[in-house]
Amino acid sequence: MTHPTSFAGRPATPAPGVPTPELRIARVRSHARRLFWSALILIAVAGAAGFFWGNLPAPFENWMLLTAAAVVVFLLVLLPFVAWWSRVYTITTRRVIERSGIFATRRRDLSHVRGYTIQVRRGILQRMWGAGTLTLSNGADEPLRMKNIPGVVLVHEVLVDQVEVNQILAHRDAQASVSGPYPPGPPPPLPQLG
């Protein structure tokens with residue numbers, strides 16, 4: 001099902017006072033380039049295990065080779081992958097959600113309506129890969145750091161757009177609730193007693 005669109009493909013603005021559904025815009029993780037060394041170690045361990053299988057010196061056996069390979073893969077490949085996979089940032093039409101942790105998950109929300117400042121930091125390697133670090137600060141809570149995000153320029157534009165749209169809708173809804181149920185103009189006549 002698609003929503004009716006207005007200018008530039010943006011969904012139509014809801015009527016004042018009507019609750020809007022929360023829609024997911026993006027789900028991002030940090031750039032996967034940090035897994036490069038883990039992938040290289042996995043390839044090296046697989047090659048070394050294949051080369052030394054059946055060619056070990058006398059005191060060593062094949063099960064020892066497999067155990068050593070499993071320990072190296074667990075520590076240097078699997079744990080970094082799980083650490084990378086366990087942190088995710090979700091951008092919705094109402095907020096930014098950070099989830100992290102494997103067994104005990106931690107969740108932080110930052111509402112677009114309250115507004116926040118966005119700081120972009122990009123190093124030389126991050127520029128080469130199109131990544132960067134976004135720091136979102138609303139002045140009251142601890143800043144939310146979205147580290148090493150791919151497509152950081154696009155994510156920055158989306159966040160700025162969502163803050164603007166949410167604040168416009170909140171202002172419009174506040175103005176509609178102040179004016180009351182009657183249209184602007186003179187108050188309705190009072191009933192005559194009689």
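Six salt bridges come out under the rule used here: a side-chain nitrogen of Lys or Arg within 4 Å of a carboxyl oxygen of Asp or Glu. The model is predicted, so local features need pLDDT of at least 70, side-chain atom pairs count only at pLDDT 80 or more, and totals for chains, interfaces and linings use all residues. Residues are numbered from 1 along each chain as its sequence is written, and side-chain values use heavy atoms, with hydrogens and water left out.

**Stop 1**

Strands here are DSSP runs of E with at least two residues, helices are runs of H or I with at least four, and both are numbered from the N terminus. Two strands count as paired if DSSP finds at least two bridges between them.

Now zoom in on strand 2 (residues 88–92) and strand 3 (residues 95–100). Four bridges join them in the antiparallel sense. Pick Val 88: its bridge partner in strand 3 is Arg 99.

**Stop 2**

Side chains of opposite charge can pair when their charged atoms come close. Asp 109 is in strand 4 and Arg 95 in strand 3, so the pair ties together parts 14 residues apart in sequence. Asp 109 is partly exposed at 39% relative accessibility, and Arg 95 is partly exposed at 24%. The cut-offs are: buried under 20% relative accessible area, exposed over 50%, partly exposed in between, using a 1.4 Å probe and protein chains only.

Together with Arg 95 and Asp 109, they are linked in a network of salt bridges.

Next, select Glu 98 and Arg 108. Their side chains meet in a salt bridge at 3.9 Å, N to O. Glu 98 belongs to strand 3 and Arg 108 to strand 4, ten residues apart. Are these two residues buried or exposed? Glu 98 is buried, with a relative accessible area of 5%. Arg 108 is buried as well, at 18%.

**Stop 1: the helix pair**

Select helix 1 (residues 36–52) and helix 2 (residues 62–85). Two packed helices are described by the angle between their axes and the distance between the axes. Here the axes come within 9 Å and cross at roughly 175°. That makes helix 1 roughly antiparallel to helix 2. The label applies to angles over 145 degrees; under 35 is roughly parallel, 65 to 115 roughly perpendicular, and the rest oblique. Axes are lines fitted to C-alpha atoms, for helices over the stretch in contact, and angles run from 0 to 180 degrees between N-to-C directions.

Colour the contact, meaning heavy atoms within 4.5 Å. On helix 1, pick Ser 38, Ile 41, Leu 42, Val 45, Ala 49 and Phe 52. On helix 2, the contact residues include Leu 65, Ala 69, Val 72, Leu 76 and Pro 80. How do the contact residues divide into nonpolar, polar and charged? Twelve are nonpolar, two are polar and none is charged. Nonpolar covers Ala, Val, Leu, Ile, Met, Phe, Trp, Tyr, Cys and Pro; charged covers Asp, Glu, Lys and Arg; the others, Gly among them, are polar.

**Stop 4**

Centre on strand 6 (residues 131–137). Six of its seven residues are buried. Toward strand 7, Thr 135 has Arg 145 as its bridge partner, and Leu 134 has Met 146.

**Stop 2: the turn**

Follow strand 6 into strand 7. They form a hairpin with six residues between them, and Gly 139 in the turn has a positive phi of about 85°. Select Asp 141 and Arg 114 to finish. Their side chains meet in a salt bridge at 3.8 Å, N to O. Asp 141 is in the loop between strands 6 and 7 and Arg 114 in the loop between strands 4 and 5, so the pair ties together parts 27 residues apart in sequence. Asp 141 is partly exposed at 41%, whereas Arg 114 is exposed at 54%.
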